[in-house]
Amino acid sequence: MKIAALQPNTALRGASVTLQGIGRSFGETSVLEGVDLEISPGEFIAIVGQSGSGKSTLLRIIAGLDQAYKGHLSIGASKGQKTAARIMYQEPRLLPWASVIENVAFGLGPQATRHQAFAQARTALEAVGLGDRGGEWPDVLSGGQKQRVALARALVSKPDLLVLDEPLGALDALTRIGMQSLLERVWLEQGFTAILVTHDVAEALTLADRVVLIENGRIALDLAIPFARPRRRGAVQFGELEEHLLTALLKSKSPSEEYVI
Amino acid sequence: MSELALLAGRHSNRKREAFASLLPISPNGFVPWLLPLTVLVLWQASASYGALPPSILPAPSDVAKAAWRLTLSGELLANAAISFKRAFSGLIIGGGLAFALGLSNGLSRLSERSTDTTIQMVRNIPNLALIPLVILWFGIGEEAKLFLVSFGVFFPIYINTFHGIRTVDPQLVEMARSYGFKGFELFRRVILPGALPSILVGLRYALGIMWLTLIVAETIAAQSGLGYMAMSAREFMQTDIVVLAIVIYALLGKAADGSVRVIERLSLSWHPAYRKGARL
């Protein structure tokens with residue numbers, strides 16, 4: 001195995017993300033408070049935390065879906081221009097009335113001309129291993145295949161920043177492992193910045209350069225993952241780090257669970 | 001067929017298949033017609049053996065003869081053409097208004113707040129109850145029929161268009177917005193296709209109401225059309241023509257319903273419920 005070939009693409013086009021004092025409250029309830037985070041171009045960050053810890057809210061703020069936050073957020077592309085984040089949701093969110101290839105071409109936005117969009121969409125579909133399924137309706141695909149189409153749609157515009165909101169949470173264990181290596185591969189090839197929200201500590205350790213633990217709306221832990229890629233889940237250090245993270249995660253309580261015996 | 005395939009556009013292969021499945025070529029296509037055919041045979045037999053007096057119900061062969069006679073004289077075609085014109089003019093006017101208002105109320109809260117309550121109040125008036133008033137307003141001219149049909153088809157199309165737009169998956173809308181879709185492009189690519197199944201259900205209901213309203217209006221107040229033909233035949237005890245008119249209503253209703261089904265198959269071929277093999 002040539003490890004060198006699996007280092008991140010050096011011709012980086014990832015965006016840097018800077019969060020300063022990000023806060024968000026819904027009515028009286030404060031969900032996020034004073035979150036500072038610096039993400040360098042091309043980095044793969046995993047955000048873990050219990051349900052209700054505010055990790056999804058943080059993700060929606062970075063993705064631009066939630067504008068009502070306090071503090072300062074800046075996303076800078078490598079070439080200096082401002083870029084839109086691409087989002088992968090927990091559900092594939094494919095248009096059922098559009099064929100697979102049309103769904104991927106949808107990711108190029110309303111301005112794209114049909115002919116060129118389809119050519120790019122075909123390349124993106126091939127990258128996720130579904131090059132021959134372009135003409136089908138989304139509902140004949142399996143759950144994992146639908147998420148691969150959603151990934152192709154997110155990547156077809158060659159984004160600088162990809163934001164993933166538990167995209168593998170609804171998949172079965174085997175499909176999830178396949179998707180994780182697919183995600184790692186396209187990230188290494190394309191060099192975008194990736195921010196992944198997940199419940200799954202092993203998934204965070206497999207994919208991320210850095211794991212950030214959110215607890216009660218604050219960053220409780222910011223941990224660099226030193227392992228070389230591709231990562232072996234069986235390795236002893238991997239297991240130790242997984243246990244360390246799990247313990248930290250279990251100690252952190254979301255406010256709603258404090259009174260549960 | 002070629003025009004339809006042209007309209008079908010990108011997924012023409014699948015759509016052609018969907019279209020072929022509507023033609024009664026396969027042996028299964030014969031099954032739905034078994035019951036009407038049996039009734040027809042029994043009816044003819046009892047009329048031929050004198051069990052049914054012609055003044056009550058004429059034999060199917062007499063009805064067919066009346067159809068032939070009126071076709072030759074041109075009377076049938078002229079009346080049918082007039083009824084057809086009235087029905088579809090009403091559908092276009094009432095349906096068009098309903099579609100426009102359904103869109104604007106589905107898309108804009110302000111528009112909904114200012115008109116929906118009024119529409120819901122007027123909706124509960126049976127449109128045929130307006131016949132006396134309409135005759136006073138318009139006499140028995142074309143406007144009366146046009147008004148009644150437009151009024152009748154308005155509500156099913158309005159309600160289903162409105163409902164269709166309001167039930168478009170908000171997750172899809174959020175996704176499309178994040179890819180930069182807004183305004184007309186968002187409407188064309190996401191909202192309208194999402195609302196289309198519901199809109200077509202409204203159209204199907206509207207077609208039924210369209211014929212019903214028109215026939216009643218023509219029976220009461222008209223000097224031409226199929227309803228008038230039946231009503232004037234009654235005065236001369238021409239039961240064969242009365243029955244002929246009723247048979248034509250049945251066929252027109254079936255044809256209208258069938259045409260919406262073709263539209264559904266062609267435009268909703270992505271939908272599992274409308275795909276080949278799935279019959280509603």
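**Briefing: chains A and B at a glance**

Start with where the chains meet: 13 residues of chain A are in contact with 13 residues of chain B. On the chain A side of that meeting, eight residues are nonpolar, two are polar and three are charged. Keep in mind that this is a predicted model.

**Chain B overall**

- Of the 280 residues in chain B, 31% are buried.
- Take the contacts in chain B between residues at least 6 apart in sequence, and 72% of them join residues at least 24 apart.

**Helices H7 and H8 of chain B**

- Helix H7 (residues 131-138) of chain B packs on helix H8 (residues 142-166) of chain B at an angle of about 140°, and their axes are 9 Å apart.
- The crossing of H7(B) past H8(B) is right-handed.
- On the H7(B) side, the contact is made by B:Val134, B:Ile135 and B:Phe138, while H8(B) brings in B:Glu143, B:Ala144, B:Phe147 and B:Leu148.
- Sorted by class, the residues of this H7(B)–H8(B) contact come out as six nonpolar, no polar and one charged.

**Around helix H9 of chain B**

- Helix H9 (residues 170-178) of chain B has B:Met175, B:Ala176 and B:Ser178 buried.
- What do the buried residues of H9(B) pack against? Their partners are strand S5 (86-88) of chain A together with helix H10 (183-220) of chain B.
- Just after H9(B) comes B:Gly180, with a positive phi of about 90°.

**Domains of chain A**

- Chain A splits into domain 1 (10-16 + 40-85 + 159-256) and domain 2 (94-158).
- Taken over C-alpha atoms, the centres of domain 1 and domain 2 of chain A are separated by 24 Å.
- Eleven residues of domain 1 of chain A are in contact with nine residues of domain 2 of chain A.
- Helix H5 (residues 173-190) of chain A gives six residues to the domain 1 side of that contact, which is the largest share.
- That domain 1 side, by class, has eight nonpolar, three polar and no charged residues.

How values were computed:
Residues numbered from 1 in each chain as written. Chains lettered and ligands numbered in written order. Predicted model: local features only at pLDDT ≥ 70, side-chain atom pairs only at ≥ 80, totals over all residues. Axes fitted to C-alpha atoms, helices over the stretch in contact; angles between N-to-C directions. Helix = DSSP H or I, 4+ residues; strand = E, 2+ residues; numbered from the N terminus. Left-handed = near helix turned anticlockwise from the far one by under 90°. Contact = placed C-beta atoms within 7 Å. Nonpolar A, V, L, I, M, F, W, Y, C, P; charged D, E, K, R; others polar. Domains from an automatic or database assignment. Buried ≥ 20, exposed ≤ 12 C-beta atoms within 10 Å, placed from the backbone.
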